[in-house]
Amino acid sequence: MMTAEHVDQRAIGELLLDADAQARQLLLDATGDDARAMLRTWGEVVQAAGDLWSALPVEPGGSPADGATLAQIEAMSRAMHRAQLTHGWPGEGPTDERLSALTDTLRRAGELAAGPGQRVRLATEPARADLRAARMRTMHTLYVGAHAVGVAVRQHVRDTEATTSPRSARARRDVPRGVDASVRLASMEQLAGGYVGTRYSLTMAGQHYAPPANSERLRQAVATWDIQVHRTLASTPSPANLHLAANAQAALATTGAALLGAATRAGHVDQDAYTQRLAPALEHTQQAWTQSAGRWATLTTRGDRADPDLVHAAGELRAAAREITVDRVGWADAPTIAGRIDLTQAAPIIHQALAAAAELACVHRDVVDQEPTLTGPARVLAAWTRDSLALAVRDAAPVVAPVRPEDIRLNRIVPLTDVVRHTLLTEAEQLVDLTQTAMSVGSVLAHAPRDRGPADQAQAEAGCARCRPDERVGTAGAAMQHRPVPR
Amino acid sequence: MTTPTLTPHDAEEALAALARLLHHAALGASTRAQTEGPGSVLHLLGLGIHVVAAEAAALVGPEADPYWPAPTQQDPMELLRAAERLARTVPVDASTAGLSAVVVGIGDLVREAST
């Protein structure tokens with residue numbers, strides 16, 4: 001059962017766009033080996049598309065023939081399924097995960113169309129145009145999907161003919177049934193293609209699109225990133241994950257400065273607060289995160305892989321930030337950014353990101369300080385230890401744990417040396433200080449669109465939940481003084 | 001047919017080489033962004049390359065190294081284009097499932113970097 005936490009929040013249009021993209025992706029990846037699993041799953045895709053089509057509102061004055069094409073495709077799909085059962089081919093076995101995901105997306109769109117979608121009134125032309133676009137997208141998904149499955153089936157037939165004797169049981173079973181399936185799929189493809197015809201771009205132009213609600217995407221991406229990075233670092237605090245986390249935080253600080261710069265020019269943030277305090281604080285945290293990313297990059301070892309969920313969250317964070325702040329290859333100017341996002345909403349998002357960054361810096365420090373499983377390549381650690389040794393002697397740092405020559409020769413993966421851990425910890429402490437200063441300075445952003453609530457006040461004065469007592473005092477002091485960050 | 005056929009071992013090594021090119025392109029972009037300063041838009045491009053590099057690394061088997069040794073080129077854009085050329089030689093089959101997203105990602109990044 002789907003919990004409230006995992007309900008897909010996308011609208012019908014977004015789901016259909018995703019379904020279309022999944023079908024196109026399928027076309028890139030379809031191979032002969034996938035044919036049987038795809039044939040087992042294709043019928044579900046058609047059924048989900050048919051249910052969605054039926055659930056979409058009926059256009060006033062529309063002809064019953066409008067739904068005839070999909071009804072024909074559904075009938076063909078059912079006939080193909082019966083033939084598969086009769087001939088026992090492709091038989092039982094695994095389904096195709098990509099087509100199953102496509103089915104789920106179409107089903108979710110169908111649920112929405114059958115539920116909240118029934119309240120839509122088609123009184124205006126834009127609403128009717130949006131409905132036509134939804135139907136067109138559904139049919140286009142079937143068109144591309146049928147082609148992809150057909151490609152896989154034809155490839156399977158060719159592979160079978162090339163690798164088996166014509167008299168073998170496999171060839172006598174797979175080749176004629178594969179040819180039969182490909183003919184049926186080609187018929188479905190042609191029917192869907194006939195509907196799409198040359199009207200695709202024209203019809204899709206009527207799709208409803210609400211441009212600058214993009215602050216929601218950025219807000220969601222920042223929140224999702226924050227949750228995911230905590231989950232990942234709690235379970236797998238590896239150098240690859242720490243590298244990606246630090247790199248994304250650096251990019252977020254850069255984006256934050258660009259957004260706040262635009263908000264300042266639009267008059268939503270105090271000019272002095274931005275130039276004297278916010279921009280320098282963001283620059284310093286950006287540089288500290290970049291330095292940290294560089295450190296973890298050198299410690300990444302051959303078997304270390306970044307958590308796929310973290311990679312996905314970082315990709316979404318970048319996409320959300322980029323679509324607002326970048327124009328071609330440079331930063332978009334303030335009016336362009338203002339046309340993409342309500343800048344009064346940008347300040348609180350950056351404020352939350354600054355608070356989250358301070359907390360994450362504490363997590364990062366705790367990982368460096370307490371995580372016993374941190375490792376690195378022996379040669380990197382030896383070179384780093386050697387370079388730090390002079391400083392260690394000068395500053396009377398802790399005892400150096402040498403890297404064994406045998407480990408260096410084979411470049412084994414070994415635990416961090418004390419010197420390296422000490423260096424990382426020193427830098428992590430600096431990062432904590434800088435991010436907490438930025439969070440304190442960022443408290444001015446809480447005033448921008450709304451009155452500063454008690455929670456904001458308390459957070460600015462108390463620091464983050466992971467702050468050590470001495471750090472909390474420093475944060476409160478910084479918040480009260482709004483001191484400029486030394487350049 | 002102009003694309004040379006790769007054996008499974010070749011494909012695995014090509015994937016690892018692809019991941020290495022992307023990893024070092026990301027590091028190079030990050031270094032260049034640092035040189036340009038904290039406000040450089042290259043930080044966002046660098047993160048994009050990093051994300052695709054991590055996706056490529058996830059496709060590489062545990063025996064291969066997706067990070068080292070470093071490629072001979074140093075320019076991040078050159079590395080990105082080299083990765084794009086190399087990606088064309090990797091077959092799309094069961095052993096490289098998921099590569100399409102990496103190929104599309106590289107294409108987007110090349111276009112983004114050179115627009």
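Modeller: Helices, of at least four residues, and strands, of at least two, are DSSP runs numbered from the N terminus. On that basis chain A has 18 helices and four strands, while chain B has four helices and zero strands. The model is a predicted one.

I begin with the two chains before turning to their contact. Chain A has 487 residues, 51% of them buried. Its accessible surface is about 22,900 Å², and carbon and sulfur atoms account for 55% of that area. When contacts in chain A between residues at least 6 apart in sequence are considered, 84% join residues at least 24 apart. Chain B has 115 residues, of which 52% are buried. The order of its elements along the sequence is α-α-α-α. The accessible surface of chain B is about 5,200 Å², with 57% belonging to carbon and sulfur atoms. For contacts in chain B between residues at least 6 apart in sequence, the share that joins residues at least 24 apart is 77%.

Now to the interface itself. The size of an interface is often given as the accessible area lost when the parts come together. Between chain A and chain B the buried area is about 3,000 Å², and carbon and sulfur atoms give 62% of it. Chain A brings 34 residues to the contact and chain B brings 37 residues. In polar contact across the interface of chain A and chain B are 13 residue pairs, both members being at pLDDT 80 or more. On the side of chain A that touches chain B, two or more residues come from each of α1 (12-29), α9 (239-265), α10, α11 and β2 (330-331) of chain A. Helix α9(A) gives the largest share of that side, namely eight residues. Sorted by class, the side of chain A that touches chain B holds 13 nonpolar, 14 polar and seven charged residues.

Side chains of opposite charge can pair when their charged atoms come close. Two salt bridges are counted between chain A and chain B. In one salt bridge the side chains of A:R318 and B:E112 meet at 2.5 Å, N to O.

A:T301 lies in the loop between α10 (271-299) and α11 (308-325) of chain A. Residues up to four places away in sequence aside, A:T301 touches A:G376, A:P377 and A:I413 within chain A, and B:Y67 in chain B. A:T301 counts as buried because its relative accessible area is 10%, and the cut-off for buried is under 20%.

Salt bridges within the chains complete the account of charge pairing. Over all chains the count comes to 26 salt bridges. Within chain A, the side chains of A:R108 and A:E111 meet in a salt bridge at 3.4 Å, N to O. Both residues lie in helix α4 (residues 97-114) of chain A, where A:R108 and A:E111 are three residues apart, about one turn of the helix. A:R108 counts as buried because its relative accessibility is 18%. Also in chain A, a network of salt bridges links A:D20, A:R24 and A:R137. Within chain B, the side chains of B:E84 and B:R88 form a salt bridge at 2.8 Å, N to O. B:E84 counts as partly exposed because its relative accessibility is 25%, whereas B:R88 is exposed, with a relative accessible area of 57%.

One more position in chain A may be set beside these. A:A127 is placed in helix α5 (residues 125-163) of chain A. Beyond its neighbours within four places in sequence, A:A127 is in contact with A:R121 and A:L122. A:A127 and A:E59 are 68 residues apart in sequence, and their C-alpha atoms are 9.7 Å apart in space.

Definitions and conventions
Residues numbered from 1 in each chain as written. Chains lettered and ligands numbered in written order. Predicted model: local features only at pLDDT ≥ 70, side-chain atom pairs only at ≥ 80, totals over all residues. Heavy atoms only, no water. Buried < 20%, exposed > 50% of the residue type's maximum accessible area, 1.4 Å probe, protein only. Contact = heavy atoms within 4.5 Å. Buried area = accessible area lost by both parts, 1.4 Å probe. Salt bridge = Lys/Arg side-chain N within 4 Å of Asp/Glu carboxyl O. Polar contact = N/O pair within 3.5 Å; in protein donor to acceptor, adjacent residues only side chain to side chain. Nonpolar A, V, L, I, M, F, W, Y, C, P; charged D, E, K, R; others polar. Areas by Shrake-Rupley, 256 points an atom, 1.4 Å probe, with all protein chains shown as cover.
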